[in-house]
Amino acid sequence: MTRDDAGGDGGVSNGGRLIRFATAVLGNDASELAAARMDIADAMGGAALTDTAAVAALFNAIDRVADATGIPLEDVKAAATVDFRAAIGIDDFAAASEKGGVP
Amino acid sequence: MTEISYQDLPWPVREDITAAQRRAWDRLGRAGTWLTGAERIAIAEEARHASHCKLCQARKEALSPQGVSGSHDHLGRLPALEVEQIHRIRTDPGRLSRSWYFGLRDDGMAEERYVETVGVIVTTVAIDTFTKGLGMEPWPLPTVRPGAPSRQRPIAAKRELAWVATLPPADAVGTPDEDLYAGRPTAAHIYQAMSLVPAEVKGFFDLVTSQYLPPAAMTDFDNEYRAINHAQIELVAGRVSALNQCVY
């Protein structure tokens with residue numbers, strides 16, 4: 001992984017652009033989304049833009065599969081990410097204590 | 001009849017994405033396992049309409065969605081219980097709770113219809129968000145096709161993993177639904193989530209394979225399969241999931 005700007009890229013090449021697009025596509029600011037779209041197309045190419053849109057759209061959907069069914073994270077994944085999840089605040093999400101089967 | 005096509009865009013869209021979305025759109029208008037084609041399209045329309053619901057907007061801004069009462073702005077084609085399900089899943093998925101789900105059940109929600117409704121909502125969201133991302137209007141919803149739901153519940157489904165009943169991979173072996181897991185004894189929980197309605201799993205994961213990655217490619221870090229690499233894909237996925245406050 002390489003850093004390609006001063007910050008906000010998650011340590012990923014073009015990360016800032018990708019985060020900007022993912023944020024905009026879930027938001028309501030059409031001009032910001034248009035700008036984020038063109039930024040990726042200009043810097044990374046049209047195929048990168050459409051693949052980015054595909055991933056963002058798919059996860060906007062699959063998040064709802066997880067949240068609407070109450071499916072829990074697998075134990076092995078939860079154990080492997082316990083420090084990381086606490087550090088970035090995922091454990092503070094409202095749904096963090098809601099998942100799983102029969103109460 | 002709507003034919004999804006991205007040929008007029010200035011950017012290339014992979015053919016497998018277009019093909020998977022066409023299959024999903026065709027399936028959307030046909031009778032499913034528990035819902036008619038007309039019901040499935042009504043659910044997709046309501047899911048789109050939910051974005052304009054004032055009650056949902058007020059709940060989204062509130063400290064707790066349970067603290068805001070009122071009536072949904074809805075299209076009048078579905079029962080109130082299903083409107084509540086659709087609007088909450090569409091507009092505030094990160095704050096759905098066990099008590100909310102079992103409240104719907106106590107009020108008469110059939111879990112098979114609930115799960116298939118989830119499948120319809122997420123299919124619509126996956127394709128609508130894609131067109132939004134590319135600056136397009138949403139595709140017109142497909143034509144309703146005649147037909148009756150098959151109404152077949154997996155015989156080995158049980159409620160132990162999630163709020164909804166699921167079909168455990170090991171228990172599926174030897175049943176009519178064993179093809180869902182292709183004989184594998186385990187599967188990711190997210191793949192099992194809608195397994196009470198196997199057709200919805202198969203249909204949605206057809207989109208997953210094209211819009212995200214095929215299963216074998218997800219952990220094949222020696223090769224890249226898209227115009228963005230694994231790290232970039234996961235960054236986008238992680239950002240979206242964080243905004244949705246999804247803990248999975």
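Colleague: Let's start inside chain B. Why is Arg40(B) called buried?

Modeller: Its relative accessible area is 1%, and buried means under 20%, exposed over 50%, and partly exposed in between (1.4 Å probe, protein chains only). So Arg40(B) counts as buried. Please keep in mind that this is a predicted model, where local features need pLDDT of at least 70, side-chain atom pairs count only at pLDDT 80 or more, and totals for chains, interfaces and linings use all residues. Residues are numbered from 1 along each chain as its sequence is written, chains are lettered from A and ligands numbered from 1 in the order in which they are written, and side-chain values use heavy atoms, with hydrogens and water left out.

Colleague: What makes Arg40(B) and Glu200(B) a salt bridge?

Modeller: The closest N and O atoms of the two are 2.9 Å apart, and the rule asks for a side-chain nitrogen of Lys or Arg within 4 Å of a carboxyl oxygen of Asp or Glu. The pair links distant parts of the chain, with Arg40(B) in helix 2 and Glu200(B) in helix 9 of chain B, 160 residues apart. Helices here are DSSP runs (H or I, at least four residues), numbered from the N terminus. Glu200(B) is buried as well, at 2%.

Colleague: Which label does Asp179(B) get, buried or partly exposed?

Modeller: Asp179(B) has 46% relative accessibility, so the label is partly exposed. Its salt bridge partner is Lys202(B), with the closest N and O atoms 2.8 Å apart. Lys202(B) is partly exposed too, with 38%.

Colleague: How do you know that His230(B) is buried?

Modeller: His230(B) has 5% relative accessibility, so it counts as buried. The side chain of His230(B) also makes a polar contact with that of Glu224(B) at 2.9 Å. A polar contact is a pair of N or O atoms within 3.5 Å; within protein, one must be able to donate a hydrogen and the other to accept it, and residues adjacent in sequence count only if both atoms are side-chain atoms.

Colleague: Which residues form the salt bridge between chain A and chain B?

Modeller: Arg14(B) and Asp51(A) do, at 3.0 Å, N to O. Both residues are buried. The count between the two chains is one salt bridge, and the rule finds 21 residue pairs in polar contact across the interface.

Colleague: How many residues of each chain are in contact there?

Modeller: 63 residues of chain A and 62 residues of chain B, where contact means heavy atoms within 4.5 Å.

Conventions: Helix = DSSP H or I, 4+ residues; strand = E, 2+ residues; numbered from the N terminus.
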